[in-house]
Amino acid sequence: MIENPVPWPNGAKCAVAITFDIDTDSLLHLEYGDRVPDMVCTNSWLRYDEIAVPRILKMFRDYGLKQTFFYPSWCMETYPELVEMILKDGHEIGHHGHLHENYTQLTKEDQLYWTEHAIDIIQRMTGQRPRGFRAPVYNFSRHTADILAQQGFVYDSSLMADDVPYTIQTDSGSFLELPSHWALDDWPAYVHNIELEYTMPIRSPDEAMNVYLAEFEAAYQYGGLWVAIWHPWVSGRTARCMRIAQMIEYMQSKGDVWFATLEEIAAHIAKCQNDGSYVPRRVKLPYYTSAISKRERPRQIR
Ligand SMILES: [Zn+2]
């Protein structure tokens, strides 16, 4: 199924990264501006992060895991106590924009400005530049890869073009892509919010886990990479977090699953490239710098 499985450390069958994006209320300010002070219930839901992040950190301590958290830098400045807790436990913090901005709706200059702004904040609050990036809501524009290469990012984890890590080549340099997929995002299974006009039936933790574990079993069988993209205010609720703990126990009971931060996974791939044991597929970005010719596009009646 997977033609170029990765030689994972110590003969592990697959690599697992349980990443959390700590967006808290950033996306609300981005989309709703002046209305936010009156969106108290939705705000209260997003601030469940204050309960969920300590819970998740305790779970990671209980199972001996170090993982990666992606942060809009505005959230780091607004809720510094959560950042301190994460750093104290030795986890990685990655770049997730400043206010969860949509990179596909920013000019290249603005993308660069906000990317650098967030890097500065992360550097100041964590003591080092971020190594990894994830575009908010996977909104990755034709300019984003070039900016990430210019800024020296080691890896990105926003795209979906493979089951294993691959190299993204741009005119400004290259970096590693650690891909995931919506199947490993908790939003489709769990999020329902009328105020945000997002109304989907909420799945039970077992139903959601069936989807996540189907992806895991395939990665385990064929040497893939499994990157969960979860959110504390979504997956950190008690019932869902209980199910995640059972999932970790199941994965750990196999004895040959490598749990790692995305930074560690990227470093492992770089090591394999150096010793010649693995050659990641290369993908040139952007896919398109402009729309295809109008002559190739049948005009559709709306
Ligand atoms: Zn996000």
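Student: How many of the 302 residues of the protein chain count as buried, as a percentage?

Tutor: Of the 302 residues, 40% count as buried. A residue is buried if 20 or more other C-beta atoms lie within 10 Å of its own, exposed if 12 or fewer, and partly exposed in between, with C-beta atoms placed from the backbone. This is a predicted model: local features need pLDDT of at least 70, side-chain atom pairs count only at pLDDT 80 or more, and totals for chains, interfaces and linings use all residues. Residues are numbered from 1 along each chain as its sequence is written.

Student: What does the secondary structure of the protein chain come to?

Tutor: The protein chain has 12 helices and 10 strands. Helices (H or I, at least four residues) and strands (E, at least two) are DSSP runs, numbered from the N terminus. The radius of gyration is 19 Å, close to the 19 Å that the globule rule gives for 302 residues, so the chain is as compact as a globular protein of that length. That radius is taken over C-alpha atoms, and the rule is 2.2 Å times the number of residues to the power 0.38.

Student: And what does the C-alpha trace span along its principal axes?

Tutor: The spans are about 55 × 55 × 45 Å.

Student: Turning to H11, which of its residues are buried?

Tutor: Arg240, Ile244 and Met251 are buried in H11. They cover an arc of only 45° around the axis, which puts them on the same side of H11. The arc is that of the directions from the helix axis to the C-beta atoms.

Student: Which residues are exposed on the other side of H11?

Tutor: Thr238, Ala239, Met242, Ala245, Gln246, Glu249 and Ser253 are exposed there.

Student: What do the buried residues of H11 pack against?

Tutor: They pack against strand S1, helices H8 (187-190), H9 (205-222) and H10 (232-235), and strand S9 (257-259). Contact here requires that the C-beta atoms of two residues, placed from the backbone, lie within 7 Å.

Student: How far apart are the end C-alpha atoms of H11?

Tutor: They are 25 Å apart, which agrees with the 24 Å that the 17 residues of H11 (residues 238-254) should span at 1.5 Å a residue. The expected span is 1.5 Å times one less than the number of residues. Gly255 follows H11 and has a positive phi, near 85°.

Student: S1 was mentioned; is Ala15 in that strand buried or exposed?

Tutor: Ala15, which is found in S1 (residues 14-21), is buried because 26 other C-beta atoms lie within 10 Å. Not counting residues up to four places away in sequence, Ala15 touches Trp8, Leu225, Trp226, Trp258, Ala260 and Ile265.

Student: Which strands does S6 join, and how do they run?

Tutor: Five bridges join S6 (residues 166-170) to S7 (residues 173-177), and these two run antiparallel. Two strands pair if DSSP finds at least two bridges between them. A hairpin of two residues connects S6 to S7, and Tyr166 has Glu177 as its bridge partner in S7. S6 is also joined by three bridges to S10 (residues 282-284), in parallel, where Lys284 is the bridge partner of Gln169.

Student: Where is the cis peptide bond?

Tutor: The bond from Leu285 to Pro286 is cis, with omega near 5°. Pro286 lies in the segment after S10.

Student: What is phi of Asn10, and is that residue buried or exposed?

Tutor: Phi of Asn10 is near 55°, a positive value in a residue other than glycine. Asn10 sits in the segment before S1 and counts as exposed, with 6 C-beta neighbours inside 10 Å.
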